[in-house]
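Hi there,

Here is the structure I promised to pass on. Have a look at it first, then read my notes below.

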Amino acid sequence: DCTSCNGSRLRKESLWFKIDDRNIAELSNLNLDNLAAWFDGLELRLDKKQNAIAKDVLKEIRERLQFLLNVGLTYLSINRPTKTLSGGESQRIRLATQIGSQLQGITYILDEPSIGLHQRDNQRLIDALKHLRDIGNNVLVVEHDKDIMLASDYLIDIGPKAGRFGGNIVMQGTPKEVLESNSETAQYLSGVKKIEIPKERRKGNGQHIELK
């Protein structure tokens with residue numbers, strides 16, 4: 001790391017400016033949930049003049065942070081390089097931007113936005129997708145995630161298998177109608193079929209791959 005900026009990639013003059021004892025580099029290092037918590041009640045830690053200046057800025061920052069939190073990106077930080085994001089994370093950032101724009105009459109097509117998302121944040125993503133729908137948009141999602149499939153308004157099951165063994169519409173309808181069918185997807189969604197975790201893992205052969 002540079003001895004002058006300590007890896008923040010900012011001029012030392014920029015780092016001299018602090019709000020509530022934190023500079024912009026320190027705030028950019030925080031996870032988004034911690035950053036949002038820092039902004040909570042910030043007005044109480046600012047003087048009257050600072051509050052007059054910051055009023056509109058704080059409103060905009062909080063709204064943008066909330067959009068990112070709503071799509072399950074609580075663990076990211078502002079200084080995270082975009083090239084290190086998974087496809088699902090990149091999609092969810094763009095999704096947060098679209099939610100913020102409040103556009104209507106748009107058709108959104110998302111390809112597995114749940115990739116890289118912790119299971120506990122699934123509901124946040126589902127709520128974000130429903131919000132896009134509710135303000136007057138169409139949302140088409142290609143997904144294999146059970147929660148997202150069951151939360152949809154309409155399901156189209158394409159199969160019966162993958163690749164050249166697929167390509168046909170096996171079943172279509174509301175999640176309830178699909179569950180009442182006998183398709184393979186319906187059997188997995190209803191729990192009739194499961195992919196069990198093996199009781200015993202196969203032993204290794206002693207060989208290994210080294211990544212450098």
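The buried residues of α5 pack against α4 (48-70), β1 (107-111) and α6 (122-134). Helices (H or I, at least four residues) and strands (E, at least two) are DSSP runs, numbered from the N terminus; buried means under 20% relative accessible area and exposed over 50%, with partly exposed in between (1.4 Å probe, protein chains only); contact means heavy atoms within 4.5 Å.

Bear in mind that this is a predicted model: local features need pLDDT of at least 70 and side-chain atom pairs count only at pLDDT 80 or more, while totals for chains, interfaces and linings use all residues. Residues are numbered from 1 along each chain as its sequence is written, and side-chain values use heavy atoms, leaving out hydrogens and water.

So which residues of α5 are buried? They are Gly88, Glu89, Gln91, Arg92, Leu95, Ala96 and Ile99. Because they cover an arc of only 155 degrees around the axis, they sit on the same side of α5 (the arc is that of the directions from the helix axis to the C-beta atoms). Over on the other side of α5, you'll find Gly87, Arg94 and Thr97 exposed.

Trp38 and Phe39 are edge-to-face, 5.0 Å centre to centre with 85 degrees between the planes. (Rings of Phe, Tyr and Trp, using its six-membered ring, pair if their centres lie within 6.5 Å; planes under 30 degrees apart are stacked, over 60 edge-to-face, the rest tilted.) Both Trp38 and Phe39 are buried.

Cheers
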